[in-house]
Amino acid sequence: MFTIYGKEECPMCFKIKTVLELLGKDYEYKELNVDYTEEEFEEKFPDTLALPQIVFDGKHLGDANQTLKYLKEHKVI
């Protein structure tokens, strides 16, 4: 399952959620300051400031563009 760490009114968060929905992939969306804090984000993704960050089955894929690249390389899209 995909886990998306995003924030409110984030266009790239919306984009990756839409892509996963169109592909029929299950995902969990976690929102900044609701489901996690900035400190927790920094601990989980050190040296990363970009949102969203996506994790798939425990593997950190990166931001939305890196995740789209991963999906293309693995012939999901």
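I began with T48, which counts as buried because its relative accessibility is 18% (buried is under 20% relative accessible area, exposed over 50%, partly exposed in between, with a 1.4 Å probe and protein chains only). I was working on a predicted model, where local features need pLDDT of at least 70, side-chain atom pairs count only at pLDDT 80 or more, and totals for chains, interfaces and linings use all residues. Residues are numbered from 1 along each chain as its sequence is written, and side-chain values use heavy atoms, with hydrogens and water left out.

I placed T48 in the loop between α2 (38–44) and β3 (53–56); helices are DSSP runs of H or I with at least four residues, strands runs of E with at least two, numbered from the N terminus. Setting aside neighbours within four places in sequence, I found T48 in contact with F41 and Q53 (heavy atoms within 4.5 Å).

Next I looked at the helix pair. M12, K15, I16, V19, L20 and L23 of α1 meet A64, N65, T67, L68 and L71 of α3. I sorted the residues of this contact into eight nonpolar, two polar and one charged (Ala, Val, Leu, Ile, Met, Phe, Trp, Tyr, Cys and Pro are nonpolar, Asp, Glu, Lys and Arg charged, the others, Gly among them, polar).

Last, I checked for salt bridges (a side-chain nitrogen of Lys or Arg within 4 Å of a carboxyl oxygen of Asp or Glu). The structure holds one: K69 with E73, their closest N and O atoms 3.9 Å apart. Both sit in α3, four residues apart, about one turn of the helix, and I noted both K69 and E73 as exposed.
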